[in-house]
Amino acid sequence: MEPEDDTPTRAVARGTVGYERLGRVSLKVLSGPDAGRVVQVPIGRGQQIRGGRSETCHVVLRDDDQVSGVHFSLHFEPVGAVLRDLDSTNGVYVHEVRVREAIIELDTVFRVGATALQLTAAERVVVPLSAKDHFGELYGWCPEMRELFDELERVAAMPSSALRVLITGETGTGKELVARGLHDLSERAQHPFVVLDCSTLPRELAEAIVLGYGRGAFTHAAPEQPGVFEQAHRGTLFLDELGELPLDLQPKLLRVLERGEVARFNERNKLRKVDVRVICATNRDLQKMVSEGRFRSDLYFRIYGKHVELPSLSERGDDVILLAERFLRAMGESLGTPPKQLTAAAHQALRAAPWPGNVRQLKQVIECAAQLTRGPTIDARDLHLGPGGITRRDQLDASPLLSLRWDEAQVGFQREYFKALMQRVGARRGWIGRAAELAGMDRSGFVKALKRLGLYRHAMEDAAEEP
């Protein structure tokens with residue numbers, strides 16, 4: 001049965017000035033080298049708390065023998081605080097039972113290595129929301145995005161060189177749109193915006209591309225070539241996929257950031273002054289990379305000014321519908337035709353899809369449907385989404401998940417697994433307990449997993465519609 005009212009439920013009305021969310025938590029160290037210490041950690045939008053030996057962690061523990069670099073995380077969801085073991089050596093224990101993932105409540109004691117910690121307080125705050133539904137070309141209506149826009153507006157209003165920005169998030173969430181928006185709204189807007197994708201740098205030419213080179217550097221090369229810092233002089237340099245930057249080039253990048261000077265590849269004794277605002281982005285886990293020695297800690301702290309974490313599309317509620325409708329209007333304008341309308345069934349299909357490619361993938365799906373559908377409406381079948389939200393074209397591939405990054409493939413597989421499990425059990429009384437049993441999970445962990453994967457609301461709606 002389709003709902004009579006298909007109005008998006010996660011959008012925030014214009015004029016709303018704030019909303020309440022968790023803003024700070026307190027952890028007390030009960031045993032181990034840091035016994036007696038109380039750590040208060042402010043929590044940003046969607047942020048998880050990480051603890052371990054690494055200096056990049058929010059909770060730094062000095063138990064060098066038993067605690068891993070990045071040992072555990074705490075992520076706060078409506079069901080409770082989700083405690084995860086981040087592939088540590090000596091594990092995470094709750095009530096002396098080793099866990100990979102567990103939902104804990106206030107005052108719960110858990111142990112990492114020889115250190116016992118207790119979650120003692122969680123305080124809520126009211127955070128401001130932007131009056132706008134976009135920042136530059138990045139659009140959103142849910143409270144998470146409106147809070148993000150408020151943050152970005154304040155960052156953009158600051159002097160351009162005062163604060164470096166690190167943008168993180170899954171592929172396709174709009175990291176470059178954030179960087180372009182910050183540039184366009186800054187006093188550097190009339191100067192260059194230069195993009196360097198660190199994942200495409202040829203290893204043997206990386207230094208020359210970043211720093212530039214003078215005459216005679218290479219056979220058959222141009223006489224001289226400025227690097228990206230010189231090209232971005234007085235403007236903004238966007239370093240995309242920073243986690244892919246070769247380790248041997250990282251100290252040279254650090255030197256430029258610290259001194260504002262560039263020495264070209266073959267001009268070691270000639271320094272050139274550059275005035276550049278640097279914005280970095282990555283979908284890699286830089287904290288883990290630092291703890292593993294794959295990313296320099298001094299460079300990490302140099303680029304970690306304002307951290308902007310972009311939510312995945314599956315976390316943004318009905319933004320997926322509003323974005324799809326916006327893309328349809330844009331397609332109608334480009335084709336010179338009235339925009340096509342999405343049916344209620346199409347809305348449900350869009351909500352149910354996992355969207356591993358996020359907004360970029362949604363845009364491609366909608367543009368394809370708008371051009372290939374003959375009638376004025378687009379139904380679920382016109383979107384060419386399979387049961388798991390993967391396009392039928394992708395389903396023809398022998399192993400579509402093999403084309404994704406490891407972290408994306410894991411999420412994609414988990415969504416497919418839980419959907420298949422729910423179909424197997426059916427929406428009958430007690431289905432959650434039965435499905436959790438088949439998965440080898442406890443009930444609370446199963447519900448938490450459904451919510452993390454964006455499946456819980458739809459599962460409950462399906463169950464409610466069963467006679």
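Two strands count as paired if DSSP finds at least two bridges between them. By that criterion, an open sheet of five strands is present in the order β4-β3-β5-β6-β9, with mixed pairing. The model is predicted: local features need pLDDT of at least 70, side-chain atom pairs count only at pLDDT 80 or more, and totals for chains, interfaces and linings use all residues. Residues are numbered from 1 along each chain as its sequence is written, and side-chain values use heavy atoms, with hydrogens and water left out.

**Overall composition**

- The chain contains 15 helices and 24 strands; helices (H or I, at least four residues) and strands (E, at least two) are DSSP runs numbered from the N terminus.
- Of the 467 residues in the chain, 48% are buried, where buried means under 20% relative accessible area, exposed over 50% and partly exposed in between (1.4 Å probe, protein chains only).
- Among contacts in the chain with a separation of 6 or more, 62% are between residues 24 or more positions apart; a contact means heavy atoms within 4.5 Å.

- Axes are lines fitted to C-alpha atoms, for helices over the stretch in contact, and angles run from 0 to 180 degrees between N-to-C directions.

**The α13–α14 contact**

- The axes of α13 (residues 431-439) and α14 (residues 443-452) come within 9 Å and cross at roughly 95°.
- Helices α13 and α14 are therefore roughly perpendicular to each other; this class covers 65 to 115 degrees, while angles under 35 count as roughly parallel, over 145 as roughly antiparallel and the rest as oblique.
- Helix α13 contributes Trp-431, Ile-432, Ala-435 and Ala-436 to the contact, and α14 contributes Arg-443, Phe-446, Val-447 and Leu-450.
- By class, seven nonpolar residues, no polar residues and one charged residue make up the contact of α13 with α14. Ala, Val, Leu, Ile, Met, Phe, Trp, Tyr, Cys and Pro count as nonpolar, Asp, Glu, Lys and Arg as charged, and the others, Gly among them, as polar.

- Six strands form an open antiparallel sheet in the order β2-β1-β11-β10-β7-β8, with β2 (38-42) and β8 (97-99) as the edge strands, each pairing on one side only.
- On average, and with direction ignored, neighbouring strands of this sheet are turned by 35° against each other.
- Strands β7 (residues 92-94) and β10 (residues 109-112) pair in the antiparallel sense over three bridges, and Val-94 stands opposite Phe-110 in β10.
- Helix α1 (residues 143-156) packs on the sheet, where it touches β1 (18-29) and β11 (115-128); the direction of α1 makes about 85° with that of β1.
- Leu-22 is found in β1 and counts as buried because its relative accessibility is 16%.
- Beyond its neighbours within four places in sequence, Leu-22 is in contact with Ile-43, Phe-76, Ala-122, Glu-123, Arg-124 and Val-125.

**Strand β14 and its partners**

- From β14 (residues 165-168), Val-165 and Ile-167 point one way and Leu-166 and Thr-168 the other way, and all are buried.
- Strand β14 runs parallel to β21, joined by four bridges; Thr-282 in β21 is the bridge partner of Thr-168.
- Strand β14 also pairs in the parallel sense with β22 (residues 306-309) over four bridges, and Val-165 stands opposite Lys-306 in β22.

**Nonpolar cores**

- The largest nonpolar core has 32 residues, and Phe-229 and Leu-239 have the most contacts inside it. A nonpolar core is a set of buried Ala, Val, Leu, Ile, Met, Phe, Trp, Tyr and Cys residues joined through side-chain atoms within 4.5 Å.
- Elements giving two or more residues to this core include α4 (228-231), β18 (236-240), α5 (250-259) and β21 (277-282); the largest share, four residues, comes from α5.
- Not counting residues up to four places away in sequence, Phe-229 touches Val-210, Leu-237, Leu-253, Val-256, Leu-257, Val-262, Val-274, Val-276 and Val-278.
- A second, separate core of 26 residues includes Ile-321, Leu-322, Leu-328 and Ala-346.
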